[in-house]
Every structure is written in C-alpha cells, then in structure tokens.
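Please take a look at the sequence and the structure below, and keep both in view while reading. The paragraphs that follow lead through them step by step.

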Amino acid sequence: MKIRSIAILGAGAVGSYLLWGLTDKPGVTVSVVAEGARADRLRRAGCTINGKIYRPQVLTPAQAHGADLLIVALKYGALRGALDDIRAIVGDNTPVMSLMNGVDSEEIIGAAVGNSHVLPALIKVASHRTEEGVFFDPDATIGIIYGEPQPPFDSPRVQAVADYLDACGIANEPCSDILYKQWNKLMVNDGLNQAAAAFDLTYGGLCQSAEAQAKMHEAMQEVIRL
C-alpha cells in the first residue's frame, strides 16, 4: 500500500495541523472536502495557520472518492450529519482515521462504511483559534497516535501511514494498544475539562486548587470505572 492522495474532512484546529504538515509534499495530493458556501470560503480565503495562508485543493465528496486515506477531523456533533459524505469518499481500499475526541466515532463511522475501513487513531495537539487563524507549537505537539485494534499491528496500512507521516515531518506514533490510548485521552480530557469549567480555572490554575484537583480525579475515576 502506498499513499498518493489524502482527503481531510474538517478544516478546524486539527485539520489545520494536518494541512500545515502535508501541504506541498511531493507525490501526494492533499485535499479538503467541502461543498457549498464552506467550499467557496475555503477557496476564497484559504486557511491561516501559524500566520501563513494555505490554499488547499477543495473537492466535493464525490470528487474525493477513492482517496488513499480519509482523515475525519470534525467536531463530534457534526459527525452523524457527515456520514453521507464519508460514504461518498470511501472507496474499496480507503482507510479512515478519525481524529475526533471521544471513543465511539470509529464505531459510528464503521457502521456507515464497514469496520474494515477504520484505522483507530487519536491526536494530541495544543492549538487555538483567534481572529487571525489557527496557532499551535509544532515542537510541543505529540501528534497522531494510531494502530490496528487487533493483530497484525504492523499491517500494510499502518506501515504506509507511518512512512508517509514520517516523510512529511508529522509527529506520529504507531502503537499496539490504540484502544487503551483512546480511553486514556478520554479520561484526561474529562478530568481536566470538566474541572476547569466547573471551577472557572485554566489548566494551570487547577494545580493551585486542591478542591478542583479532587473533582478532576473523581471525573477521571468515572472513566476508569467505565
């Protein structure tokens, strides 16, 4: 298996990290999938990432059909509304990586296109959006973690993804315990985000409040019990 075309569904903070790393790499076509007004906006304004404007190729789902890799980087609430688009993009040999928070997006996508297409994954990137675009620190980015849910863990598609991401300089980690890592990310997100919201604190502020830390640990324990 060799990757020659990548379709990205969702051009927010996560999608922007991918565009930053994958754009203008030789031998591979990278496109953002969009239609209507959103597609027009992307063609007109592009995506501003770390102060630079990127103008990705924009394709409809039908035009992106049969991509060698589909990366779904939507907000969770948009996933079910995008299933028809995902079906239109996925060809017979298209693997799908979901970089969405949570632990069930792969199940939802697999029910729509077949579990054999799904390559479980997660991403760890600290990015933020302002009026000037999306910003992140490449040196502080852990990147994409992915792997087969069962042996063989060094499958041809895992090797193909690893080879390509390595060549592009995208931080990545193939692993043999991807389901554990997905739940671990959910545990951390639930603990930090819920406590930060409840106590109106930044992540750094959580370190200064014993009460907030106790609630953070309680939220994490709920995930562990699940």
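In which helix does I109 lie? The model is a predicted one, and in it I109 belongs to helix α4, which runs over residues 105–113. With a relative accessibility of 1%, I109 counts as buried, because buried is taken to mean under 20%. If neighbours within four places in sequence are left aside, the residues in contact with I109 are V72, L79, L83, I86, V96, S98, G114 and V118. G133, by contrast, is 24 residues away from I109 in sequence, and the C-alpha atoms of the two are 29 Å apart in space.

The nonpolar cores come next. The largest of them has 39 residues, and the members that touch the most other members are I6, L22, I144 and Y146. Helix α5, residues 156–168, supplies the largest share of this core, namely seven residues. Apart from this core lies another one, made of 22 residues, which include A7, V72, L74 and I109. Returning to L22, and not counting residues up to four places away in sequence, one finds that L22 touches I6, V30, Y164, L165, C168 and I170.

A sheet can be followed next. Three strands form an open sheet in the order β8-β11-β12, and their pairing is mixed. Since β8 (121–124) and β12 (172–174) stand at the edges and each has a single partner strand, one side of each is left without a neighbour in the sheet. On average, and with direction ignored, neighbouring strands of this sheet are turned by 15 degrees against each other. Between β8 and β11, the latter covering residues 143–146, the pairing is antiparallel and extends over four bridges; L122 stands opposite I145 in β11.

The last element to consider is helix α8, whose 16 residues (210–225) reach 23 Å from the first C-alpha to the last, close to the 22 Å expected at 1.5 Å a residue. Which residues of α8 are buried? They are A212, M216, A219, M220 and V223, and because they cover an arc of only 100 degrees around the axis, they are on the same side of α8. In general, an α-helix has 3.6 residues a turn, so residues three or four places apart point the same way. The cover over the buried residues of α8 includes α6 (178–199) and α7 (203–206), whereas the face of α8 turned away from its buried side carries the exposed residues A210, E211, I224 and R225.

Note on methods:
Residues are numbered from 1 along each chain as its sequence is written. This is a predicted model: local features need pLDDT of at least 70, side-chain atom pairs count only at pLDDT 80 or more; totals for chains, interfaces and linings use all residues. Side-chain values use heavy atoms; hydrogens and water are left out. A nonpolar core is a set of buried Ala, Val, Leu, Ile, Met, Phe, Trp, Tyr and Cys residues joined through side-chain atoms within 4.5 Å. Buried means under 20% relative accessible area, exposed over 50%, partly exposed in between (1.4 Å probe, protein chains only). Helices (H or I, at least four residues) and strands (E, at least two) are DSSP runs, numbered from the N terminus. Contact means heavy atoms within 4.5 Å. The expected span of a helix is 1.5 Å times one less than its number of residues. The arc is that of the directions from the helix axis to the C-beta atoms. Two strands pair if DSSP finds at least two bridges between them. Axes are lines fitted to C-alpha atoms, for helices over the stretch in contact, and angles run from 0 to 180 degrees between N-to-C directions.
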